Amino acid sequence: MAMTKTKKTGVYYNETEDKDKVYYFTYNDINDNNKKKWVKVGKHSEGIREINAFNLRNEQISKMKHGEDITVIATKKKKELITLDTLANRYFEDRKSTNERKQKYSNHIKPLIGNKQIENITKADIKKVVNSVLDLGRSNGTANSVLSLISTIFNHNIKQHDLKLVNPCMGVSKLKDDNKRDRFLTTDEIKKLKDEVKENFFVNLFVEFALCTGGRLETILHIQKKDIDLDNKTVNLNNLKTKKRYTGFLQDELIEILREYLPSLNANDYVVTQKELQHKKADHKQIHRRLKKILDRLFNQGLKDDDITNRAVIHTLRHTFASHLAINGTPIFTIQKLMNHSDIKQTLRYAKLAPDSGKNDVQGLYK
């Protein structure tokens, strides 16, 4: 068994076939002629980290003279190392939660703190999760629902499973749910953005799809070759929130790019991703870390991070699509259809941008 030494004294790990890590520590047993002993602590996937093995090693060395069996200590400590994933799975099972709530956990919470030991989760960690939701362009309401889910998971385990822990969500304030992300790009700003990303195939393709369909980030990343009909200039889009399909329309500039690009893809290949990786859907973080830097540099200089009204984020491209439809006089029900809004109230926010198309009608009324 090949062991890899960590930076912590006496702590090692070996990597399993599924890329998990199993942590061990070693020490010289003063009660057994200083014989070198190895103790298995646990797996990375179980929440074990090298610091846990290091602390156990120190504890064993200090307790050796009292004859306490290290395997008892290690087993006891291992049971105490509970991750948030453990609490979440318990909560989802107890409450028979919907797939929507499970998906929300998997998308927003699990990647950041799911594998973290619950004793080590802080308010700063919770705020980091909330901010990551906002970074994706989601509304304050969505961010608040993620915060609420974390809190509910902790409270359920505290009340129903006698978890002895203070809920780390206490003191983390909810955001004002005013849904004010109405920032959209002007035609000059759109040109500036397109000029900036034109040399980056992946980002350029995302921006083009976003500006001519208004699709959400994940909706665009889910587009496959088979969804695109170049002759009719359409693309089948998937609303991941409602699990419904709808139709978007492609502009000539994007069609030119696709006519050259699509022949090299298989029907099930994903379109908006890095070249040579079309067989796998791109992760939202891949587009986020590339495009956020560009948006910040072009449009967010001098703005505070919490200025959600004026900051340009990825979701701003969706608002830009709807806003320019309204500015150009597109009927509000057509905008609703193109945005795939389930409720017309979501679309009415853009009505204020429509031209005074009714002025002449009213002036000529009854004459």
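## Cores, cavity and selected residues

In this predicted model, the largest nonpolar core holds 40 residues, of which Phe206, Phe209, Leu258, Val271 and Leu291 touch the most other members. At least two residues of this core come from each of H7, helix H8 (201-213), helix H9 (217-221), strand E6 (234-239), helix H10 (252-261) and helix H11 (284-299), and H8 gives the most, with nine residues. In soluble globular proteins, nonpolar side chains tend to be buried together. When residues up to four places away in sequence are not counted, Phe206 touches Leu217, Ile220, Leu221, Val272, Ile287, Leu291, Ile314 and Leu317. A second core of 25 residues is separate, and Leu84, Ile109, Ile126 and Val133 are included in it.

Helix H5 (residues 123-135) has Asp125, Ile126, Val129, Val130, Val133 and Leu134 as its buried residues, and these pack against helix H4 (99-114) and H6. Two of the names in that list, Ile126 and Val133, are also included in the second core. The length of H5 can be checked against its residue count: at 1.5 Å a residue, its 13 residues should span 18 Å, and because the end C-alpha atoms are 18 Å apart, the two values agree.

A search of the whole structure finds one cavity of 30 Å³ or more. Rolling a probe the size of a water molecule over the atoms shows where empty space is left. The largest cavity contains about 80 Å³ of space, and its lining consists of Leu136, Arg138, Phe206, Ala210, Gly215, Arg216, Leu217, Ile314, His315, Leu317 and Arg318. H8 and helix H12 (316-327) are the elements that give two or more residues to this lining, whose residues divide into six nonpolar, two polar and three charged.

| Residue | Relative accessibility | Class |
|---|---|---|
| Asp85 | 13% | buried |
| Ile344 | 23% | partly exposed |
| Asp162 | 53% | exposed |

Asp85 lies in helix H3 (residues 84-95), and it counts as buried because its relative accessible area of 13% is under 20%. Leaving aside neighbours within four places in sequence, Asp85 is in contact with Tyr105, Lys110, Gly114 and Asn115.

Ile344 lies in helix H14, and its 23% relative accessibility makes it partly exposed. Not counting residues up to four places away in sequence, Ile344 touches Ile332, Phe333 and Gln336. Ile344 and Met64 are 280 residues apart in sequence, and their C-alpha atoms are 71 Å apart in space.

Asn340, placed in the loop between helix H13 (332-339) and helix H14 (344-347), has a positive phi of about 60° although it is not a glycine.

Definitions and conventions
Residues numbered from 1 in each chain as written. Predicted model: local features only at pLDDT ≥ 70, side-chain atom pairs only at ≥ 80, totals over all residues. Heavy atoms only, no water. Buried < 20%, exposed > 50% of the residue type's maximum accessible area, 1.4 Å probe, protein only. Helix = DSSP H or I, 4+ residues; strand = E, 2+ residues; numbered from the N terminus. Expected span 1.5 Å × (residues − 1). Contact = heavy atoms within 4.5 Å. Core = buried A, V, L, I, M, F, W, Y, C linked by side-chain atoms within 4.5 Å. 1 Å grid on protein atoms, 1.4 Å probe; cavity = no way out; pocket = protein on both sides within 12 Å on 5 of 7 lines; lining within 4 Å. Points joined across faces, edges and corners; volume = space filled by probe spheres on them. Nonpolar A, V, L, I, M, F, W, Y, C, P; charged D, E, K, R; others polar.
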